[in-house]
There are 2 protein chains.
Amino acid sequence: MTTSTLTAAETEVRALCAEARNASRLLATLPTARLDEMLDEIAVQLEKEALAIFAANAKDIAVAEKTGLNKVMIDRLRITEKSLAAMVAGVRQVRVLPQPLGQKITEWERPNGIKISKIRVPIGVIAIIFESRPNVTIDAAVLCLKTGNATVLRGGKEAIHSNRALIEALQKCKSLPKGAVQLIGDTDRALVPFLCRQSDFIDLIIPRGGHSLIETVVAEARIPVIKHAHGVCSVFVHTQADLAMAEKIVLNAKVQRPGVCNAIETLLIDRTIANKFVPQIAAALTKAGVEIRGDETVLKLAKGDNIRAASEEDWITEYLDLILAVRVVDGLDGALDHLANYSSHHSDSIITEDATTAERYLNEVDSATVYWNASTRFTDGAEFGFGAEIGISTDKLHARGPMGLDELTSYKFVIRGTGQVRV
Amino acid sequence: MTTSTLTAAETEVRALCAEARNASRLLATLPTARLDEMLDEIAVQLEKEALAIFAANAKDIAVAEKTGLNKVMIDRLRITEKSLAAMVAGVRQVRVLPQPLGQKITEWERPNGIKISKIRVPIGVIAIIFESRPNVTIDAAVLCLKTGNATVLRGGKEAIHSNRALIEALQKCKSLPKGAVQLIGDTDRALVPFLCRQSDFIDLIIPRGGHSLIETVVAEARIPVIKHAHGVCSVFVHTQADLAMAEKIVLNAKVQRPGVCNAIETLLIDRTIANKFVPQIAAALTKAGVEIRGDETVLKLAKGDNIRAASEEDWITEYLDLILAVRVVDGLDGALDHLANYSSHHSDSIITEDATTAERYLNEVDSATVYWNASTRFTDGAEFGFGAEIGISTDKLHARGPMGLDELTSYKFVIRGTGQVRV
């Protein structure tokens, strides 16, 4: 890459990334106790810098209110004493998680006497491109540090003052090598494609955000990407379902927190029980304030102001809202066909008392997480017991589903010999 | 993607890829015994079709001779009775390898009673873009089939008749689902970027070939890529090396098969032993017909028609030939500096009798495979005991170093509950 044609902002991004690469080389050689010390110091430093963080956050909130950002977004943006304390507690939780680095994944000896060990090592430099929530800033930096990776963070412009204050607090930590956590302070969108081409400095890009951000990153990247894309999740209620359980799970998966990727957007109902279950679930959903987009059969079996016809588009839409697409299908095969065509392959669940049907569904549905008689809302690092997560991968390579610490590592083969050569 | 603007060749590629996607859905649901039956039939079918394969190969050889392809390339292209028998034997070897599909990688239960299993599954559709050698065609298809993946193969134009005959033999197998192994018969280079954008049909692209092929794939891909790029491998001879062992390993790593990615291109010699080891190794390399590109110190200590000055370019060049860049460095730190700047992070080896130095090297050199007192030539699936390899990944995500069957799989989380919902 010739540097003569770069803008000042691009030159700064290159410099930040180069520093991160240097830091990653150092981080990879440190004993893991040193990485844990950094996390201890970060927790303390965030508490010390609380006032500066609140002041910076107040600037973001003021801008957001002036530009008319909606209330939900402003709430996500706000750093309160409680949410800062939660961030600090999060750092301390990651601090005490078992350290994956240096772990021998496998080890064996060959007939010629060479000993091969497959050892967990850091990935290197991870760029994380995300949208507004400032807690992601600290989460991401700390998870990457725990696993010996340097980070280049690129947050949304709405949170820029907060992000700067948070990262300044981190960078004051004496235990942290220079460049280990970098923030791109310029929020010009044109820098995202540029960042995606820094293959000499960055080993992995994780985009977390809306469709257009992820499209841009995938199109521009010259670096491996692990997408944290959308979830069009579903529940299929089989003819042999316990309908009380089905109702409870559908409501939980749709209503408990509709704005997240593991909430369901689609309900599939076996035709043989449609007469009974469609009216039952429509009543329950209506009571919970859910709008229903139904196919022909659903529209015949349930009526109401909140019930309207589904279009083809509805089967692939992530509403992130109190809306549910409902379709009547012909048994397990009908459900499998629907999912092969429309599922985003994130999380899908079957409700049935029949083990044979359930096992066929679990085997044939090609999603990151497949459930039998449980809510899709469990697709989450904490619910899995990972202690922390960097997000939920919708890709199939390297990491699929909730990504914990192990997924932030790579490996290398270490081979010890006594002079062996190949014959 | 709008189809109205596609050329006829592009439309055909889309159709091939769509068939592969359909086949992959079926393959993912089959019992593994069915996959093994396919391999049995392929081995038989390749033997049956031998005459057709030889005839097709003869056409490629005739074209190659007419266009003046060099002798090494023609030899690689040629399918003899022996090399066809080796291909068939390769299929049978893969057939009897342990089946990774369905394996429980881990399994645990959460306090709420849900049971989580992490299960190996196929990746889906794997596109493999490779250059001339026809044995890669069968290897790649069979390794992917063993692991339940459909393949879209794109070979070089030099081997097109051979590849067509090989794939036609495969496609005659009754046990093989339609579309499970697809060959793009059109060798127009413009189709490579087009293939790299078929993200709705392809899950992974593996490019195996020269720099410009890999650059094109990385730049154009909208799909995860695992690169099989070049190896600038090295040996570092430390001050405490057994110099007889060092000589033996350097010669093996350079001379035994210079045209492969795990052969060394760089030799680093500790300054404290340069007076002794430079003349010793220069004499041995000269005798073996190796050209030396040395730094200043090397040029002072060794003379000959085959010894000339190294340029900066030499430290990053993959010669794939009887040429070796030789540099004198200041101890372990000098070697680590050199490798941080110039290694392609494929395979690097230290020769020393000092365990502390060796362990620091093994820890700090960030390469897929790091060696102590052994030849870099062991970076190979067969030498590792994997039974087979699809290639050697120079990436750090998903697969690093030799890729065996496990690396051709993904995983999914299968969760069994009894009605659990999230609170």
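Which residues in helix 10 of chain A meet which residues in helix 11 of chain A? Point 2 has the answer; some ground rules come before it.

1. **Before you start.** This is a predicted model, in which local features need pLDDT of at least 70, side-chain atom pairs count only at pLDDT 80 or more, and totals for chains, interfaces and linings use all residues. Residues are numbered from 1 along each chain as its sequence is written, while chains are lettered from A and ligands numbered from 1 in the order in which they are written. Helices (H or I, at least four residues) and strands (E, at least two) are DSSP runs, numbered from the N terminus.

2. **Helix 10 against helix 11.** On the helix 10 side of chain A you'll find L243(A), A246(A), E247(A), V250(A) and L251(A), and they meet F277(A), Q280(A), I281(A) and A284(A) of helix 11. Being in contact here takes C-beta atoms, placed from the backbone, that lie within 7 Å. By class, this contact has seven nonpolar, one polar and one charged residues. Ala, Val, Leu, Ile, Met, Phe, Trp, Tyr, Cys and Pro count as nonpolar, Asp, Glu, Lys and Arg as charged, and the others, Gly among them, as polar. The crossing is right-handed, that is, the near helix is turned clockwise from the far one by less than a right angle.

3. **How the two chains relate.** Chain B superposes on chain A by a rotation of 180° with 0.0 Å of shift along the axis, at an RMSD of 0.0 Å. The two copies are thus related as by a two-fold rotation axis. The superposition is by least squares on the C-alpha atoms of residues with pLDDT of at least 70 in both copies. In chain B, the residue that comes closest to the axis is H398(B), at 1.9 Å (C-alpha).

4. Follow the open sheet of ten strands in the order 10(A)-9(A)-11(A)-8(A)-7(A)-12(A)-13(A)-16(B)-2(B)-1(B), with mixed pairing. Two strands pair if DSSP finds at least two bridges between them. The edges are strand 10 of chain A and strand 1 (104–109) of chain B, each pairing on one side only. Where the chains join, strand 13 (residues 369–374) of chain A runs parallel to strand 16 of chain B, over five bridges. W372(A) has R416(B) as its bridge partner there. Out at the chain B end, strands 1 and 2 pair in the antiparallel sense over five bridges, with K115(B) as the partner of E109(B).

5. **Strand 7 of chain A.** Buried or exposed? For strand 7 (residues 233–237), five of its five residues are buried. C233(A), V235(A) and V237(A) lie on one side, S234(A) and F236(A) on the other. Buried needs 20 or more other C-beta atoms within 10 Å of a residue's own, exposed 12 or fewer, and partly exposed falls in between; C-beta atoms are placed from the backbone. Strand 7 pairs with strand 8 (residues 264–270) in the parallel sense over five bridges, and V237(A) stands opposite I269(A).

6. Worth a look: phi is near 55° at L320(A) and near 70° at H398(A). L320(A) is partly exposed, with 15 other C-beta atoms within 10 Å, whereas H398(A) is buried, with 21.

Definitions and conventions: Two residues are in contact if their C-beta atoms, placed from the backbone, lie within 7 Å.
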